[in-house]
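Trainee: I have a new structure to learn. Can you walk me through it?

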Amino acid sequence: MDRASFYDQVYQVVRLIPKGRVTSFGAIASYLGTKGSSRMVGYAMNGAGVVIPAVPAHRVVNRNGLLTGKFHFETLTKMEELLALEGVKVVDDKVVDFKKLYWNPAEELDLER
DNA sequence: GCGTTGACGAGGA
DNA sequence: GTCCTCGCCAACG
């Protein structure tokens, strides 16, 4: 796994996010061991739409549950659309019941990887 | 090799 | 509760 760049590691984890669930950048960063590099997680998502298979970046939001990355999608409504299709309600660019839909890789994936 | 960037997070006022 | 500042670290030019 050491061959995988930080980007790849982020993609891997994001792809593991269950449908209808969301997580935060910090959670992913923490899981990868680079807790302080929470920004890198988001920065890595810049290639989420070009890598194969595609990365469900719409399931990744900031700690507020706010769709911070919606501006990086094809359209501004694309992100909340995808979430809505998965049963995730989005109001005012933020995930409803984010706390309940929150998916913690460290808890769900445990000692995976 | 250096400086800048950045879809964030935590702490303080 | 909100607003501001600092830090964090990998990728990019």
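This is a predicted model: local features need pLDDT of at least 70, side-chain atom pairs count only at pLDDT 80 or more; totals for chains, interfaces and linings use all residues.

Trainee: Which residues come nearest to DNA strand B?

Mentor: DNA strand B has 17 residues around it. Sugar and phosphate make up 51% of its atoms within 4 Å of the protein. The nearest residues are Arg 39, Met 40, Gly 42, Arg 63 and Gly 69.

Trainee: How far is the backbone of Arg 63 from a phosphate oxygen of DNA strand B?

Mentor: Gly 42 has a polar backbone atom 3.2 Å from a base nitrogen of DNA strand B. Arg 63 reaches a phosphate oxygen instead. Its backbone N or O atom lies at 2.9 Å.

Trainee: What supplies the largest share of the surface near DNA strand B?

Mentor: α2 (25–32) and α3 each supply at least two residues there. The largest share is five residues. They come from α3.

Trainee: Now DNA strand C. Which residue has a side-chain N or O atom 2.7 Å from a base nitrogen?

Mentor: Ser 37 has a polar side-chain atom 2.9 Å from a sugar or linking oxygen of DNA strand C. Gly 36 has a backbone N or O atom 3.3 Å from a base oxygen. The side chain at 2.7 Å from a base nitrogen belongs to Arg 39.

Trainee: How many residues of the surface near DNA strand C are charged?

Mentor: The residues surrounding DNA strand C include Phe 6, Tyr 7 and Arg 39. Three residues of this surface are nonpolar and three are polar. The charged count is one.

Terms used
Residues are numbered from 1 along each chain as its sequence is written. Chains are lettered from A and ligands numbered from 1 in the order in which they are written. Side-chain values use heavy atoms; hydrogens and water are left out. A residue is near a molecule or strand if one of its heavy atoms lies within 4 Å of it. A polar contact is a pair of N or O atoms within 3.5 Å; within protein, one must be able to donate a hydrogen and the other to accept it, and residues adjacent in sequence count only if both atoms are side-chain atoms. Ala, Val, Leu, Ile, Met, Phe, Trp, Tyr, Cys and Pro count as nonpolar, Asp, Glu, Lys and Arg as charged, and the others, Gly among them, as polar. Helices (H or I, at least four residues) and strands (E, at least two) are DSSP runs, numbered from the N terminus.
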